[in-house]
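Thank you all for coming; I would like to walk you slowly through one model this morning.

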Amino acid sequence: YSSLKDKVALVTGAGSGMGKASAIQLAKQGVKVCLVDLKKDHGKETKEEIESNGGEAIIIEADVSNPQELEHAFEKVIERFSKLDIVFANAGINGTMAPIEDLKPEEWDETLSTNLKSTFLTVKYAIPHLKHDGGSIVLTSSINGSRVFSNFGMSAYSSSKAAQVAFSKMAALELANYRIRVNVICPGAIETNIGENTHPKKEQLQKIEIPVKYPEGNQPLEHQPGTPEQVADLVSFLASDASSHITGTELFIDGAESLL
Ligand code: NAD
């Protein structure tokens with residue numbers, strides 16, 4: 001998209017999966033990208049790939065659920081690039097998978113703050129930098145937030161993802177006066193590293209296991225999980241002026257998995 005040239009983006013969870021692929025693809029279209037992830041070395045590969053394609057990127061270490069760290073991350077973007085146009089609030093974890101009766105309150109809190117509080121914080125701290133010239137914010141929810149509830153033990157995850165969808169619509173309404181668009185993407189199973197951050201309590205999960213008609217990743221369209229690059233295509237579209245009349249929308253990217 002030619003409208004992306006010379007824009008500045010902040011991408012959270014940019015060290016892996018959909019954040020990484022989206023940062024790389026935005027940079028290929030001329031966007032300067034700020035790569036936010038938990039640890040500096042998480043963003044290294046992304047930055048190297050962007051630079052090897054002739055693009056520009058900086059890494060910012062921040063925990064997206066920590067208000068001070070995140071606010072500071074936005075300050076660094078302005079310090080380096082003097083403006084901000086695009087925000088991809090994408091970092092998230094599966095967290096602990098366990099039946100509700102076994103899920104500990106602190107495990108619930110970890111998932112909700114990493115996935116949901118972070119969304120609020122990312123949008124909140126983006127506003128002062130986007131409100132003068134408008135911009136595009138894209139949030140990553142999941143089909144698990146509204147349509148698919150066959151991943152047992154995911155009550156905290158699904159709750160956080162559903163709330164992100166509600167939040168995105170409130171934000172789209174509130175921020176329309178500033179010409180800030182807010183859209184949320186709902187991926188189905190995508191081939192990433194998210195499983196590494198999952199803590200399944202396998203024996204406990206057997207308590208609630210019921211036969212699944214269609215196993216995860218068995219998507220009608222391609223019969224396999226989607227790729228982070230396919231998600232990056234959607235993020236580029238939503239970030240660009242090609243979607244200038246689209247806000248407050250939930251976009252499913254799941255090869256029809258949510259229709260099963
Ligand atoms: P991933 O694990 O490959 O990448 C997530 C990145 O976020 C990692 O680099 C990780 O270090 C970072 N991160 C985690 N917690 C963070 C924190 N507190 N602060 C800063 N960075 C943090 O996973 P992914 O699949 O690319 O996940 C991206 C988003 O997509 C998540 O919100 C996830 O819930 C959502 N999602 C994933 C799938 C899937 O099948 N992979 C499906 C639907 C939705």
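In which sense, left-handed or right-handed, does H4 pass H5? Before I reply, please keep in mind that this is a predicted model, in which local features need pLDDT of at least 70 and side-chain atom pairs count only at pLDDT 80 or more, while totals for chains, interfaces and linings use all residues. Residues are numbered from 1 along each chain, as its sequence is written.

The crossing of H4 with H5 is right-handed, a word used when the near helix is turned clockwise from the far one by less than a right angle, anticlockwise being left-handed. Helices (H or I, at least four residues) and strands (E, at least two) are DSSP runs numbered from the N terminus. The axes of H4, residues 105–130, and H5 come within 9 Å and cross at roughly 15°, where axes are lines fitted to C-alpha atoms, for helices over the stretch in contact, and angles run from 0 to 180 degrees between N-to-C directions. H4 and H5 are therefore roughly parallel to each other, since angles under 35 degrees count as such. Among the residues making the contact are Trp108 and Phe120 of H4, together with Tyr157 and Phe167 of H5, contact meaning that C-beta atoms, placed from the backbone, lie within 7 Å.

A second pair is H1 and H2, whose axes also come within 9 Å, crossing at roughly 20°, and this crossing is right-handed. Here Lys20, Ala23, Ile24 and Ala27 in H1 meet Thr46, Glu49 and Ile50 in H2.

Turning to the sheet, 7 strands form an open sheet with parallel pairing, in the order E3-E2-E1-E4-E6-E7-E9, and two strands pair if DSSP finds at least two bridges between them. The edge strands, each pairing on one side only, are E3 (57–61) and E9 (250–253). Strands E1 and E4 pair in the parallel sense over 3 bridges, and Leu10 stands opposite Val87 in E4. Helix H5, residues 155–175, lies across E6, E7 and E9, and runs at about 165° to E7.

Finally, which residues come nearest to the ligand? Of the 27 residues around the ligand, these are Gly13, Ser16, Gly17, Gly92 and Thr192, with a residue taken as near if its C-beta atom, placed from the backbone, lies within 6 Å. Helix H1, residues 17–28, gives the most to this shell, with 3 residues.

Definitions and conventions:
Two residues are in contact if their C-beta atoms, placed from the backbone, lie within 7 Å. Angles under 35 degrees count as roughly parallel, over 145 as roughly antiparallel, 65 to 115 as roughly perpendicular and the rest as oblique.
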